[in-house]
Amino acid sequence: MKLNLRSTTTVCLLILLVLVGDSMARRGRARGRTKSRMQIGLPITGKYRDPESDQYYNNNNGAKITLASHFDYEYVLGHKIAFLCVARGTPRPTITWFKDGVEIFSHLYLHVHEWYIGKDKVKSKIEIDPATQMDAGVYECTADNMYSIDRRSFKTDFSIAFD
């Protein structure tokens with residue numbers, strides 16, 4: 001059987017459409033809670049290429065985020081936004097906040113609160129009040145200690161409230 005360039009291109013495009021359609025259909029399905037090794041950037045299998053990486057990321061003393069705010073958050077302009085992140089590890093992890101990949105610090109409208117709980121746990125919360133259009137984006141809480149790093153992301157967008 002002889003295929004010309006046009007029929008080969010058509011077959012390739014059809015295969016591509018089927019693959020893209022299949023992946024788009026899967027995006028909307030409900031998913032259960034994920035463990036930290038299932039976060040973006042880590043292998044899906046939970047296995048690492050070398051034993052050193054596996055020991056680093058799966059260390060029992062490593063920083064682990066145990067509680068975090070919901071991933072997708074819609075806020076009302078002029079109201080307060082708050083994100084929470086709780087982590088544990090030995091030694092106690094340090095929590096750092098990022099917005100769109102850039103580290104953020106407290107200022108007039110953004111406050112970072114932190115509480116130490118016991119000898120191995122830390123709770124951190126950021127509050128933005130009042131929220132503006134510029135506050136929309138992807139926020140990330142990163143917990144790290146000498147054994148590992150764990151992170152959670154929070155996507156935000158605004159809505160306008162009509163009174």
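In which sense do strand β8 (residues 137–144) and β9 pair, and over how many bridges?

Guide: This is a predicted model, in which local features need pLDDT of at least 70 and side-chain atom pairs count only at pLDDT 80 or more, while totals for chains, interfaces and linings use all residues. Residues are numbered from 1 along each chain as its sequence is written, and side-chain values use heavy atoms, with hydrogens and water left out.

Strands β8 and β9 pair in the antiparallel sense, over eight bridges. Strands here are DSSP runs (E, at least two residues), numbered from the N terminus, and two of them pair if DSSP finds at least two bridges between them. The two strands form a hairpin, with four residues between them. Within this pairing, A143 has D150 of β9 as its bridge partner.

Strand β9 (residues 149–159) is also joined to β2 (residues 72–76), by five bridges, and these two run parallel. There, Y75 has F158 of β9 as its bridge partner.

Another group of strands forms an open sheet of four, in the order β1-β3-β7-β6, with antiparallel pairing. Because β1 (64–68) and β6 (110–117) stand at the edges with a single partner strand each, one side of each is left without a neighbour in the sheet. On average, neighbouring strands of this sheet are turned by 20° against each other, direction ignored; the axes are lines fitted to C-alpha atoms. The edge strand β6 runs antiparallel to β7 (residues 121–128), joined by eight bridges.

Key
Axes fitted to C-alpha atoms, helices over the stretch in contact; angles between N-to-C directions.
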